Amino acid sequence: QTLVDAPLATIEPYVSHRPEDLGLLVRVGRQVRAAVESVPEQDLDVGLCHGDAHGYNAHRHEGVITHYDFEECGLGHRAYDIATFKWGARLDGEEEKLWPAFKEGYESVREIGAQDLGLIEHFILIRHIWLVGFHMRNAGDFGGDLLSDGYIDRQWKRLRELKGACEGG
């Protein structure tokens with residue numbers, strides 16, 4: 001509800017003039033939701049999550065990493081937090097460099113189960129849908145460009161790229 005349905009409801013009025021793009025978003029939303037729901041909840045790691053664990057919400061000083069910006073913190077799928085980091089690294093062109101180290105460091109403290117790992121790419125798409133909804137919901141505070149066709153073009157380009165990675169190509 002929070003990561004897929006509510007963002008889709010927020011986005012729809014701003015993309016309704018672009019039926020193909022809206023249709024793609026709705027299809028992707030349904031697919032990723034179905035993928036997550038296809039795994040029994042007890043097989044996934046659920047607990048306290050940062051909710052926005054990408055590189056811009058962390059600071060490194062003298063080898064110590066401090067996370068901040070906890071307004072999205074709550075109970076959720078830990079694979080979402082992991083996916084959020086991978087999503088940010090991918091969008092910054094740093095995935096090959098950062099993902100292996102992040103995964104190794106994470107697993108030195110907490111194992112990532114096979115079911116959770118298998119959903120990472122789906123959670124990356126969920127993260128992207130959530131972010132677009134977050135931007136559009138807060139466009140009045142963040143700036144009107146977040147409702148523009150240029151913004152939609154950029155985000156749908158990313159959505160298609162992320163969807164391709166999720167589908168293995």
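1. Exposed means over 50% relative accessible area, buried under 20%, with partly exposed in between (1.4 Å probe, protein chains only). Helices here are DSSP runs of H or I with at least four residues, and strands are runs of E with at least two, numbered from the N terminus.

2. The buried residues of α2 are Asp21, Leu22, Leu24, Leu25, Val28, Gly29, Val32, Ala35 and Val36. They line one face of the helix, because they fall within an arc of 160° seen down its axis; the arc is taken from the directions from the helix axis to the C-beta atoms.

3. This is a predicted model, in which local features need pLDDT of at least 70 and side-chain atom pairs count only at pLDDT 80 or more, while totals for chains, interfaces and linings use all residues. Residues are numbered from 1 along each chain as its sequence is written, and side-chain values use heavy atoms, leaving out hydrogens and water.

4. Helix α8 (residues 149-166) buries Tyr151, Ile152, Gln155, Trp156, Leu159, Leu162, Lys163 and Gly164. Their cover includes α1 (5-15), α2, α3 (78-91) and α6 (120-137), judged by contact (heavy atoms within 4.5 Å). After α8 comes Gly168, with a positive phi near 85°.

5. Overall, the protein has eight helices and four strands, in the order α-α-β-β-β-β-α-α-α-α-α-α along the sequence. Of its 169 residues, 43% are buried. Among contacts between residues at least 6 apart in sequence, 72% join residues at least 24 apart.
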